[in-house]
Amino acid sequence: MNHDSYPDSYIRGILNTVKTIAMVGFSPNTSRPSYFVFKYFLERGTRVIPVNPGHAGKEILGQKVYSRLADIPEPIDMVDIFRASEFVPGVVQEALALKPLPQVIWMQLEIRNDEAAAMAEAAGIKVVMNRCPKIEYGRLSSEISWMGINSRTLSSKRGQILPGGVQRMGLGNAGDKKSD
Amino acid sequence: MADAERTPGFNTLAVHAGAKPDPTTGARATPIYQTTSFVFDDVEHAASLFGLQAFGNIYTRIGNPTCAVLEERVAALEGGTAGLAVASGHAAQLIVMQTLLMPGDEFIASKKLYGGSINQFNNAFKSFGWNVVWADPDDIGSFERAVSPKTKAVFIESIANPGGVITDIEAVAAIARKAGVPLIVDNTLATPYLCKPIDFGADIVVHSLTKFLGGHGNSIGGMIVDAGSFNWSRDKKYPMLCEPRTEYSGIVLHETFGNFSFAIACRVLGLRDLGPALSPFNAFLIATGIETLPLRMQRHSDNALAVAQWLAGHPQVAWVSYPGLPGDKYHALAQKYVPKGCGAVMTVGLKGGYDAGVKLVSNVKLFSHLANIGDTKSLIIHPASTTHKQLTDAQKTQAGAGPDVVRLSIGIEDKDDIIADLELGLK
Ligand SMILES: Cc1ncc(COP(=O)(O)O)c(C=O)c1O
């Protein structure tokens, strides 16, 4: 995978299949980006499991915080990393020890570690670096367009409104074409 | 996998960017969401929206789905990460500067700008403590010499209104980058069809949508485009972007919104607090206008070049200032920055001076005598007897509005009819 630019289909495929996300480096501070992402995916019905040794055992928005990936008692589809690039190899090693293996390792904006990515990819895990899943979800569902943001997608198909509200969009049809 | 996704061209973006079929009704044209406010799904949803944790609509002063179509369209055409539509071109400049400057700060501006912008900078902005330092686009070194520790931004026009001055955007961008401040380019006269300032190093692009983007002389509007290129946190110089905002429970906008944080700051701080929102109806008219932008801009430019050539050979014309003419001072820069054409606007010096100017605007039948540019219709104004009447002759000449000067904005009518009308006016 070329990690400088990802095809929309690759990102869409990941966000469409992932049902359980473990967030490593999660902060319970409600003004931090990790909290925003946490809350956003919870509101979409995704299972999101916070991981932070400093807050292990607490419950945030009803979700139990774990100390390490190995402590999580259920299979994880995606590990979302909110740690600086130099800590990524350690997290990837922990992820590679999970059974079953996660399908995706995602690193947030400004976070990139190519060696760690290669390690994960060698084990058949999909990798995304230097992206935010909330922004990508907003972009590909067209929700982010409400904020005047260039979604770099065009489509002559109607977007999909999620049940349970008018201001929530799904990844259904919107955005067939790249436009940057 | 990557090659399966095509990158659409400019004409396709002009028609489609931002405007997918309406998810609720399937309407293919962009609906005019003429509403002040939007219901929340529930209390939790409302809290997420107000906390900037969810994307969505709250209140039309802060955002509106019709305005959002226009924002995404202009952002896509300029190659930016995000746009913010506001009530006028001047409102765009106000919000950009309010986001970047604190009282006592300075910004550097080209002295060859639209006269209204010169007024705004010299008067309103000075009264806010944002001090303009003027530089000369004909002497790029003057931008460098104007840099001080208080400098927060540099402002230029790609093609200046009205004299057709073309600024060396790349050279000014290099100076701004060295100074660690963003370059703001007013791209009103060129539009992204003729020039994309972001490709030459602009960090922020502003527009008066009133002119060529709307294009039909029916709506006032403005736009801010975030290039996504500037690092707002590096020197800690921009507190609106790099410091925790108490009004949003301590979030740091640059950290949270990354490469579109400037556009978000302009929306959730500037537009929210200062208030110059664009009406959804205007957004609809302007977004519809943009669908034909490439066709119109090419015709404007082709017609204008033909008119400039004809005028340059007319016995009563002393000079024509239009960068499309081979002998023009800015012709070389034009070939680099606006190779497809130089747009619609030119100034003309009449040998007969003030009286000849008055006679011309009075005698024409196709040209409309009014204070605007960028309509489908050809427009004319004699600044010395109208917009600049209060000034002394010396001040008029200094402002490029001497008694002999007429400004034209060439429309998209048949060029032979435009020329015939000028011929009649000059008789
Ligand atoms: C180059 C330029 N910038 C800004 C403006 C101001 O725009 P508005 O009239 O939409 O406020 C104008 C208007 O003439 C203009 O020509």
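## Basis of the model

The model is predicted: local features need pLDDT of at least 70, side-chain atom pairs count only at pLDDT 80 or more, and totals for chains, interfaces and linings use all residues. Residues are numbered from 1 along each chain as its sequence is written, chains are lettered from A and ligands numbered from 1 in the order in which they are written, and side-chain values use heavy atoms, leaving out hydrogens and water.

## The ligand site

The ligand is surrounded by 15 residues, each with a heavy atom within 4 Å of it. The closest are G89(B), D186(B), S208(B), T210(B) and K211(B). By class, the shell holds three nonpolar, nine polar and three charged residues; here Ala, Val, Leu, Ile, Met, Phe, Trp, Tyr, Cys and Pro count as nonpolar, Asp, Glu, Lys and Arg as charged, and the others, Gly among them, as polar. Helix α4 (residues 89-100) of chain B gives the most to this shell, three residues. Helices (H or I, at least four residues) and strands (E, at least two) are DSSP runs, numbered from the N terminus.

Some side chains make polar contacts with the ligand (pairs of N or O atoms within 3.5 Å). In D186(B), a side-chain N or O atom is 2.6 Å from a nitrogen atom of the ligand. An oxygen atom of the ligand lies 2.9 Å from a polar side-chain atom of N161(B), and a polar side-chain atom of T210(B) is 2.6 Å from a ligand oxygen atom. On its own the ligand has 390 Å² of accessible area, and the protein covers 91% of that (Shrake-Rupley method, 1.4 Å probe).

## Two domains in chain A

Chain A is assigned domain 1 (8-132) and domain 2 (136-178); such bounds come from an automatic or database assignment. The centres of the two domains, taken over C-alpha atoms, are 23 Å apart. In contact (heavy atoms within 4.5 Å) are 12 residues of domain 1 and 16 residues of domain 2.

## Backbone exceptions

Most residues other than glycine have a negative phi, and most peptide bonds are trans. E110(A), not a glycine, has a positive phi of about 75° and sits in the loop between β6 and α4 (114-122) of chain A.

K99(A) and P100(A) are joined by a cis peptide bond with omega about -5°. P100(A) belongs to the loop between α3 (88-96) and β6 (104-107) of chain A. In chain B, the bond from N161(B) to P162(B) is also cis, with omega near 5°, and P162(B) lies in the loop between β4 (151-157) and α7 (169-179).

Notes. A polar contact is a pair of N or O atoms within 3.5 Å; within protein, one must be able to donate a hydrogen and the other to accept it, and residues adjacent in sequence count only if both atoms are side-chain atoms.
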